[in-house]
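Q: Hi! I'm new to this one, could you walk me through it?
A: Happy to. Let's bring it up and take it piece by piece.

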Amino acid sequence: MNKRSNGKMKYRMLSILGLVIFFGVWEAAVRLGWVSHRSLNAPSEVVETFIYKLTNANPDGSTLPQHFFQSLKLALTSFIIATIIGVPLGWIMGYYKVADFLLNPLFEIIRPIPPIAWIPIVILTMGIGMSAKVFIIFVAAFVPNVINSYLGIRLTDATLINVAKTFGASDWKIFTTVCIPSSMNMVFTGIRLSLNASWTTLVAAEMLASIRGLGYMIQMGRTIIRPDIIIVGMFTIGLTGAMLNGILGLFEKKVAPWRYRDNG
């Protein structure tokens, strides 16, 4: 047990060392003039801007918490809707052949279209309000949920299905008690990818005439040539995504604990 703890501590220290080296090289590159101060700020300056933006609206019109909560609301709303619709749809398409043949061709046509490509048609049909932004992020988050839920059902061990049939289980019983639990590994992978897609599409969605949000903050930083504002927005998105991913991991351990059994 002690050896295992030492091993975990060693890898944590390596992770910390990697961050220290990265930020140290970045700081030195700016301070020593290897990179133009006009195009990139040092980490220490980014921290100062972060602290300043916690309580000050200048120069982009809102404080960092105001930007953050606007983006959090937008990303989570889209992610939750995409998960609620996408996961069951993937399950149904994966198990029922009629649904697969009916819906899969349309899904395969829509799937390769980048979320950003939807922006012009969304503006024409939905305007530039909250619903339009939610839809853009929903499209990005929807696809991973469907694909992974679908594959999770299709990859269910045929032996388990045959055993259930031998004991007289109905199709619905097999679907709910064998296939869905078996698919949870893939489902949670899809949910993680969906959460990541929600945040990576945020900046594009907030280009739709936003006046607040982390994506808007990044766009404003580019407009007024403030790399520190851009980086604060980027890191806030990154840290929030990592935090939400950690929360999702805790939920996953409760719902599908067998995924972590080998890790203790």
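**A chat about the model**

Q: Let's start with Thr236. Which helix does Thr236 lie in?
A: Thr236 is part of helix H11, which covers residues 227-255. Keep in mind as we go that this is a predicted model.

Q: Is Thr236 buried or exposed?
A: Thr236 is buried: its relative accessible area is 9%, and the cut-off for buried is under 20%.

Q: And what is Thr236 in contact with, leaving aside its neighbours within four places in sequence?
A: With those neighbours set aside, Thr236 is in contact with Phe50, Leu64, Phe68 and Leu214.

Q: How many residues apart in sequence are Thr236 and Phe50?
A: They are 186 residues apart in sequence, while in space their C-alpha atoms are 9.2 Å apart.

Q: New topic: helix packing. How do H3 and H4 cross?
A: Helix H3 (residues 64-95) and helix H4 (residues 97-110) have axes that come within 6 Å and cross at roughly 120 degrees. That angle makes H3 oblique to H4.

Q: Is that crossing of H3 and H4 left-handed or right-handed?
A: H3 passes H4 in a left-handed crossing.

Q: Which residues make the contact?
A: From H3 there are Leu89, Ile92, Met93 and Tyr95. H4 brings Lys97, Ala99, Asp100, Leu103, Asn104 and Phe107. Sorted by class, the contact of H3 with H4 has seven nonpolar residues, one polar and two charged.

Q: What about H6 and H8, at what angle do they pack?
A: Helix H6 (residues 130-154) and helix H8 (residues 171-200) pack at about 150 degrees, and their axes are 7 Å apart. Angles over 145 count as roughly antiparallel, so H6 and H8 are roughly antiparallel to each other. Their crossing is right-handed.

Q: What does the model show for residues 74-96?
A: That span is 96% helix and 0% strand, with its end C-alpha atoms 33 Å apart.

Q: And over residues 117-143, how far apart are the end C-alpha atoms?
A: Those end atoms are 15 Å apart, and the chain there is 81% helix and 0% strand.

Definitions and conventions: Residues are numbered from 1 along each chain as its sequence is written. This is a predicted model: local features need pLDDT of at least 70, side-chain atom pairs count only at pLDDT 80 or more; totals for chains, interfaces and linings use all residues. Side-chain values use heavy atoms; hydrogens and water are left out. Axes are lines fitted to C-alpha atoms, for helices over the stretch in contact, and angles run from 0 to 180 degrees between N-to-C directions. Helices (H or I, at least four residues) and strands (E, at least two) are DSSP runs, numbered from the N terminus. Angles under 35 degrees count as roughly parallel, over 145 as roughly antiparallel, 65 to 115 as roughly perpendicular and the rest as oblique. A crossing is left-handed if the near helix is turned anticlockwise from the far one by less than a right angle, and right-handed if clockwise. Contact means heavy atoms within 4.5 Å. Ala, Val, Leu, Ile, Met, Phe, Trp, Tyr, Cys and Pro count as nonpolar, Asp, Glu, Lys and Arg as charged, and the others, Gly among them, as polar. Buried means under 20% relative accessible area, exposed over 50%, partly exposed in between (1.4 Å probe, protein chains only).
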